[in-house]
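Please walk me through this structure.

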Amino acid sequence: MSDPSKEWPLWEVFVRGKGGLSHHHVGSVHAADAKMALEHARDTYTRRMEGVSLWVLPSAQIVSSDPGDAGPLFEPAEDKVYRHPTFYKIPDGITHI
Amino acid sequence: MYTTDMSGKKNAEAITEDPALIAAFEARVANDEFIEPKDWMPEAYRKTLVRQMSQHAHSEIVGMLPEGNWISRAPNLRRKAILLAKVQDEGGHGLYLYAAAETLGTSRDEMTEALLSGKAKYSTIFNYPTLTWADIGAIGWLVDGAAIMNQVPLQRTSYGPYARAMVRICKEESFHQRQGYEIMMHLAAGTPEQKRMAQDALNRWWWPSLMMFGPPDDKSPNTAQSMRWRIKRDTNDELRQKFVDITVPQAEAIGLTVPDPALKWNEERGAYDFGEVDWEEFAAVVRGEGPVAKERLQARQKAWDEGAWVREAARVHAEKRAAAKLAAE
């Protein structure tokens, strides 16, 4: 039977599509170490020039919020519509604002 | 993959699921929302997805075998480079899908072992042999064509990681079908012998391609549940009909004949009527009685066994280096 501790660890892969854009999460790879993770990321996610730069990091290192807490976590922003420019009524004729 | 712990214990099925959670889940899915790895989901949904996604991944990996068979015998360098790139894509597709399935808490090694033990299935189509170069054309055109038909709706499947993997796969799959059709086009316009080869390949791959859509709707017990959960978006028969309607004119355009005497345009339906698939043959291939089923699994087992020392050595080497680095700090 497979022993999870003997499987190559998982790495999350982020690709920068082109200069000026930030890295985006595209998926994951299994690899024994960081160098191999980069090589596998290259072969798996950039076979068609999808990127100019790669990030890989051990999946176990990601800290994520709990979807069950999404309500209390994001709710405080809900009643603060005044953070959006459309909240303010500016008369017609006033331009460049 | 999103940091799913795969060593942890799985939810025992004996646990009764909270009806309120189930209702909330069903409502989200009915509302076309995406379900993400850490969201609550019914165990049956998780199990169905692991089964479908791992089966899909295995099909991509086993699918490399019939075509890999022809890489060293491609008729010229252009065809060889293209076939090599296609087979590499299939490997990539398998990896996207394994990674997406792993987010549900089943490791890639577990899935591989399920394949090797015969517990997990893969598409029946890959248990047919590739006898001539024209088969490579027929596979790209028909098998990848049928796969695209199945996969396009899955880009909107309810499980987020699966849907995202399908978006990548669909983007890449179109080249596979076009290169296959191009091979058939050239053969069909070549010498009489070449045209015979193309027709022979179409004759042998047509019916197995129609089987790729699965059993008829009235004999597909999982379809209703999977459609309700938005894991599946169209029925088997709907997709099969669509495939026939699209493919028949493509065959006619290059002077090839679809091997079905019952095939006839139905003006009223605006679709082709076509003959009955041999479901006995389909059932036999599903049972593992396909012409080259044994060879396929043997090839996978051999690769798995012979790669074991490589996986082990790389892991131990990395552990040793990490320990040495830690000691030096």
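Start inside the predicted model. The largest nonpolar core has 50 residues, and Met184(B), Trp205(B) and Trp206(B) touch the most other members. A nonpolar core here is a set of buried Ala, Val, Leu, Ile, Met, Phe, Trp, Tyr and Cys residues joined through side-chain atoms within 4.5 Å. Buried means under 20% relative accessible area, exposed means over 50%, and partly exposed lies in between (1.4 Å probe, protein chains only).

Several helices of chain B build this core. H4 (77-102), H6 (133-151), H7 (160-188), H8 (192-211), H10 (236-253) and H11 (279-289) each supply at least two residues. H6(B) gives the most, with eleven residues. Helices (H or I, at least four residues) and strands (E, at least two) are DSSP runs, numbered from the N terminus.

Now look at Met184(B). Leaving aside residues up to four places away in sequence, Met184(B) touches Ala134(B), Gly137(B), Ala138(B), Trp141(B), Ala198(B), Ala201(B), Leu202(B), Ile254(B) and Leu256(B). Contact means heavy atoms within 4.5 Å. There is also a second, separate core of 38 residues, which includes Trp8(A), Leu49(B), Met111(B) and Tyr159(B).

Next, the surface. Pro192(B) lies in helix H8 of chain B. At 61% relative accessibility, Pro192(B) counts as exposed. Arg296(B) is 104 residues away along the chain, and the two C-alpha atoms are separated by 33 Å.

Buried residues make up 51% of the 329 residues in chain B. Among its contacts between residues at least 6 apart in sequence, 78% join residues at least 24 apart.

A word on conventions. Residues are numbered from 1 along each chain as its sequence is written, and chains are lettered from A and ligands numbered from 1 in the order in which they are written. Local features need pLDDT of at least 70, side-chain atom pairs count only at pLDDT 80 or more, and totals for chains, interfaces and linings use all residues, while side-chain values use heavy atoms, leaving out hydrogens and water.
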